[in-house]
Amino acid sequence: MRPDNHRMAARLRRGQIASRATKHEPYASTPDEPVLQLQRAIGNRATTALLRAPQKPGEFTLVEDLYPTGTMDSATWRRTVASAKAALDGRRADEARDLYTSLYRDLAKTAAADAAGIAADFSVNLAKVDDTGYKPGLNLILGSGGSKGGSTGFVDNSGHFNVRIDLASAEVPAVAIRLYSSAFVEDKARSLGVLRHEMTHAHHHHALLEFVARWRSTLKPGASPKPRAHAPAAADFETWLEANAKKLGVSRADVAVALETERHQVTHKTEVLSYVEEFITAFGLIQPVPTTHDPIFAQLLGVLESGRWAGAEDDVRKAAEARLDAYYRKVLTPAQRKVFDDWVAEQATKTGTESMRESFVAMLKSVGAKGKAPSKSAPSSRK
């Protein structure tokens, strides 16, 4: 997971960092109150999962079994996906809703979505395309998201999705994940990757709530009887977070992602880490071993596209590289490593319009490099 985040998790278990997805008073709390409120909001099991120490190489513990006990087997998954698509194409909305809901809950259980603060019952809400009608947790859109399999954002008490956290208000938004029905495909590994991508965003949103709650706990009760404008409050919070990162036991990458999430503008940093998470979730589970032309590599290229790699600080890039490197060395089989290496070699021969492509390819070349024997035919192929 994110560098040094195990220390933050330990502090969370001691009540030193707060995480809340419901209303709370902004300026007064006891050390244990934030965690207790979180438990009331999402349940004890979900809170334990959210606050536990993370497992490397990714944001979450890697899924090793696509069809764990209590979920659909392979044949049932594929059959249900086909039936759900047929129902949707046939405009049988109620049937499509029920089938996609069963797929969503099955996928959430497989992904251990409660590790991202999702309620352990994995309830699914049917939401609207106009960003209304949302609930905290899992939300479903019956339709295609185009190139998007899903998205994640804060949801307010009225059900509006992708709202900005208001640091000057006592109201704290909850976190909602939405998946489009097009995210559910017969190869469950790919659908799992999409959900883990969104779970990474959700984890980053929850981390921001934790930091905000901790910041508010440092403010003196009654010091500001009237809510201040957002800009001054944001400046105070951002200054506090940057100054206290070491004390909180979080990395510079954590801080960069949190500030980006709070500012509610570009999403380069969280996307870099989320695309990496999607890749390391799905690649090793795809059978047979994919070729270099498999669409899963297009998802990894999402790290580079739309200025994401260029817009992420070195700390975030290094975190992404470290995750890929650990995944390569500790998880992948020799056959999978060869495909990855061949794909990287292909990328090194291509040009593109992205200004940071060379930097991105250099990062890919470094993945697993320490454990590889130097090439006799091309000793300078890896720098």
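Predicted model: local features only at pLDDT ≥ 70, side-chain atom pairs only at ≥ 80, totals over all residues.
Let's start with the pocket itself. The largest pocket has a volume of about 1,100 Å³. Its lining takes in 46 residues, and if you want to find the centre on screen, look for Lys 148, Gly 150, His 197, Glu 198 and Tyr 275, which lie nearest to it. What is the lining made of, by class? It has 24 polar residues, 12 nonpolar and 10 charged.

Which element gives the most to that lining? Helix 6 does, with 8 residues. Other elements that supply at least two residues each include strand 3 (150-155), strand 4 (161-163), helix 8 (252-263), helix 9 (268-282) and helix 10 (295-300).

Now for the nonpolar side of things. In soluble globular proteins, nonpolar side chains tend to be buried together. Here the largest nonpolar core has 94 residues, and Phe 237 and Phe 279 touch the most other members. Helix 6 turns up again, with 12 residues, the largest share of this core. If you zoom in on Phe 237, you'll find Leu 167, Leu 208, Phe 211, Val 212, Trp 215, Leu 259 and Glu 262 touching it, leaving aside residues up to four places away in sequence.

How far apart should its ends be? At 1.5 Å a residue, the 19 residues of helix 5 (residues 93-111) should span 27 Å, and the end C-alpha atoms are 26 Å apart, which agrees. Its buried residues include Ala 96, Leu 99, Tyr 100, Leu 103, Tyr 104 and Leu 107. An α-helix has 3.6 residues a turn, so residues three or four places apart point the same way. What do the buried residues of helix 5 pack against? Their partners are helix 4 (74-89), strand 1 (124-126), strand 2 (137-141), strand 5 (174-180) and helix 6 (188-217).

Finally, the whole chain. There are 14 helices and 5 strands, and 51% of the 383 residues count as buried. Among contacts between residues at least 6 apart in sequence, 71% join residues at least 24 apart.

Technical notes. Residues numbered from 1 in each chain as written. Heavy atoms only, no water. Helix = DSSP H or I, 4+ residues; strand = E, 2+ residues; numbered from the N terminus. Expected span 1.5 Å × (residues − 1). Buried < 20%, exposed > 50% of the residue type's maximum accessible area, 1.4 Å probe, protein only. Contact = heavy atoms within 4.5 Å. 1 Å grid on protein atoms, 1.4 Å probe; cavity = no way out; pocket = protein on both sides within 12 Å on 5 of 7 lines; lining within 4 Å. Points joined across faces, edges and corners; volume = space filled by probe spheres on them. Nonpolar A, V, L, I, M, F, W, Y, C, P; charged D, E, K, R; others polar. Core = buried A, V, L, I, M, F, W, Y, C linked by side-chain atoms within 4.5 Å.
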